[in-house]
Amino acid sequence: MAEKLPPPVLSAAPLAPGLYVVATPIGNLRDITLRALDVLAGADLVLAEDTRVSAKLLAAYGISAKLERYDEHAAERARPRILAALAEGRRIALVSDAGTPLISDPGFRLVREAAAQGAAVIPIPGASASLAALSVAGLPTDRFLFAGFPPPKSAGRRRFFQELAPIHASLVFYEGVSRLGASLADMAVVFGPREAVVARELTKLYETLSRGRLDALAADPTLAAPKGEVVIIVAPGEAVAASAQDADAALAEALSRVGPAEAASEVAAALGLNRRDLYRRALALKGVR
Ligand code: SAM
């Protein structure tokens with residue numbers, strides 16, 4: 001049976017017209033703000049990525065609202081009508097299945113076009129898996145880069161990681177659990193033995209944080225194909241100059257798997273060295289003139 005929570009104290013103040021981008025829980029239903037409940041109860045229309053998921057949340061708080069699906073597929077068709085309703089002064093809320101809309105979730109074009117036509121666009125902040133994971137990772141947070149979902153196939157994923165490797169910031173990834181093991185393995189190859197954290201099932205019953213170097217996490221059998229949802233955070237690379245020996249060792253390892261050009265790109269990204277120099281060295285190591 002769906003969880004039933006005590007009725008919240010809703011604000012009696014009327015809701016101003018506009019598009020409300022409302023964060024919802026990422027697991028624990030109590031992680032919703034009173035303001036989010038005010039908006040969901042007062043909106044003329046709640047746009048939901050999956051109306052069944054949002055209906056459960058609303059039911060738990062005894063809120064009845066007009067729900068309409070707004071996902072990748074429905075968006076193109078529905079947007080002109082939604083924008084027209086906003087222009088008429090309606091109060092419209094946008095929610096996703098979990099966390100903050102637009103953060104690897106639908107809504108970007110709607111927010112952009114609503115703002116362009118002069119509608120008020122109002123954030124109702126709350127949970128996001130990325131920030132929840134960062135807040136407990138114990139990795140540097142003064143600079144971080146949200147990288148979203150890595151590509152599904154290994155070659156594209158490694159190229160994606162190579163582009164991110166030189167950036168001096170903690171890197172935040174979303175990943176499906178079925179690909180977690182493969183992604184960690186590719187991260188270990190491209191980023192080297194950086195510290196990382198896998199945050200699983202945040203705010204839920206089986207919340208788990210796995211901390212360690214990427215090579216150790218990639219070899220951890222409990223992370224090969226766990227259940228639930230995960231965020232991966234990778235610490236910034238060390239800004240120390242790699243020695244020629246380090247470069248040769250990394251090149252030799254990469255050349256055992258890939259050709260000289262790709263080996264040079266990988267090592268350049270991982271060690272912050274010049275790709276052309278590494279390519280010449282890779283050819284020399286392979287005995288090519
Ligand atoms: N908009 C959401 C947010 O603000 O966090 C993210 C939506 S994205 C489609 C879903 C991904 O977020 C999952 O694949 C997982 O990487 C991450 N995620 C969502 N809930 C999570 C949780 N409770 N614990 C860990 N990761 C979670």
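This is a predicted model: local features need pLDDT of at least 70, side-chain atom pairs count only at pLDDT 80 or more; totals for chains, interfaces and linings use all residues.
Residues are numbered from 1 along each chain as its sequence is written, and side-chain values use heavy atoms, with hydrogens and water left out. Local features need pLDDT of at least 70, side-chain atom pairs count only at pLDDT 80 or more, and totals for chains, interfaces and linings use all residues.

Start with the overall layout. The protein chain splits into domain 1 (18–127), domain 2 (130–234) and domain 3 (244–286). These bounds come from an automatic or database domain assignment. The centres of domain 1 and domain 3, taken over C-alpha atoms, are 48 Å apart.

Now turn to helix α3, residues 72–87. Helices (H or I, at least four residues) and strands (E, at least two) are DSSP runs, numbered from the N terminus. α3 has 16 residues and reaches 22 Å from its first C-alpha to its last, close to the 22 Å expected at 1.5 Å a residue. That expected span is 1.5 Å times one less than the number of residues. Still, α3 has a kink of about 55° at A78, shortly before the proline P80. The bend is the angle between axes fitted to the seven residues ending at a position and the seven starting there. After α3 comes G89, with a positive phi near 95°.

Which residues of α3 are buried? They are A74, A75, A78, R79, I82, L83, A85 and L86. Buried means under 20% relative accessible area, exposed over 50%, partly exposed in between (1.4 Å probe, protein chains only). The buried residues pack against β1 (18–22), β2 (45–48), β3 (67–69), β4 (91–95) and α4 (108–116).

A salt bridge here is a side-chain nitrogen of Lys or Arg within 4 Å of a carboxyl oxygen of Asp or Glu. The side chains of E68 and R81 form one, at 3.0 Å from N to O. E68 is buried at 17% relative accessible area, whereas R81 is partly exposed at 47%. Contact means heavy atoms within 4.5 Å. Beyond residues up to four places away in sequence, E68 touches L45, V46, L47, A48, T51, A78 and R81.

R79 pairs with E113, with the closest N and O atoms 3.4 Å apart. R79 is buried at 6%; E113 is partly exposed at 29%.

The whole structure holds 18 salt bridges.
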